[in-house]
Amino acid sequence: MPDLYIDGSWRGALDERTREIRCPADGSPVGVVDEAGGKDTVEAIAAARRAFDEGPWPTTPAADRGDLLLRVADLLVRDKDALARAESLDTGKRLVESEYDIDDIANCFRYFGRQATAEAGRVVETGTPSVDSRVVYEPVGVCALITPWNYPLLQTAWKVAPALAAGNTFVLKPSELTPHTAIHLMRLLEEAGVPPGVANLVLGAGPEAGAPLADHPDVD
């Protein structure tokens, strides 16, 4: 199955490049994934832009966005064994450490799922009876989420969960060395009901796949 997730569809790289992933603990092959280039990333940015400007996600009630994150947390717990194994193979870390990480990752999604409504519509006392003052938060827009090789899924969760809770859309580019748990997370987001274009995934090296995320005018 293709590994890039753009505008609600799984696809391969436009130039058909791939990358072999090896476990750094012993050099054994882990898998082969699609390797995005700049054009793939530009398409992902365009999808995120459309989803933000024209789609329902930014105006979805905060409680509904929070509920989706809570569903993702439950799915992470369900797939804990598979996720921990994939994390250990990509990073070379002990399986027990990866299992602890998945617990933290699920809790991260739970936290932001609950936080989504914590400050929504908060009324502030002004001291003037004729004045109503309400705090209203608005999403930023299209977010570029670039994550490193160490603690790959945990650092991804720290970016993805708050971005979604706030009503943003995003393009995620994990380290080219540790992509497998990011792929799995995108499948869980899709299963949980994230609308097309809201969550996008490109895999590949920074100079090619990551560069447009740093300088494209449609990234907020």
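Modeller: Contact here means heavy atoms within 4.5 Å. The model is a predicted one. By that cut-off, Leu189 touches Val72, Val160, Leu164, Phe170, Val194 and Ala199, with residues up to four places away in sequence not counted.

Colleague: Why is Thr178 called buried?

Modeller: Its relative accessible area is 3%, and buried means under 20%, so Thr178 qualifies. Thr178 sits in the loop between S8 and helix H6 (180–192). Neighbours within four places in sequence aside, Thr178 is in contact with Asp90, Thr91, Pro148, Trp149 and Pro152.

Colleague: How do you know that the length of helix H1 agrees with its number of residues?

Modeller: H1 runs over residues 38–54, which is 17 residues.

Colleague: Which residues of H1 are buried, and what covers them?

Modeller: The buried ones are Asp40, Thr41, Ala44, Ile45, Ala47, Ala48, Arg49, Ala51 and Phe52. Their cover includes strands S1 (4–6), S7 (142–146), S8 (169–173) and S9 (199–201), as well as helix H7 (206–215).

Colleague: Which residues of H7 are buried, and what puts them on the same side?

Modeller: Ala209, Gly210, Pro212 and Leu213 are the buried residues of H7. They cover an arc of only 145 degrees around the axis, and therefore lie on the same side of the helix. These buried residues pack against H1, S7 and S8. Pro207, Ala214 and Asp215, on the other side of H7, are exposed.

Colleague: How many disulfides are there?

Modeller: The count is zero. For Cys108, the nearest cysteine sulfur is that of Cys143, 15 Å away. A disulfide needs the sulfur atoms within 2.5 Å, so Cys108 is in none.

Colleague: Is Cys108 buried or exposed?

Modeller: Buried, because its relative accessible area of 9% is under 20%. Cys23, at 6%, is buried by the cut-off of under 20% as well.

Key
Residues numbered from 1 in each chain as written. Predicted model: local features only at pLDDT ≥ 70, side-chain atom pairs only at ≥ 80, totals over all residues. Heavy atoms only, no water. Helix = DSSP H or I, 4+ residues; strand = E, 2+ residues; numbered from the N terminus. Expected span 1.5 Å × (residues − 1). Buried < 20%, exposed > 50% of the residue type's maximum accessible area, 1.4 Å probe, protein only. Arc of directions from axis to C-beta.
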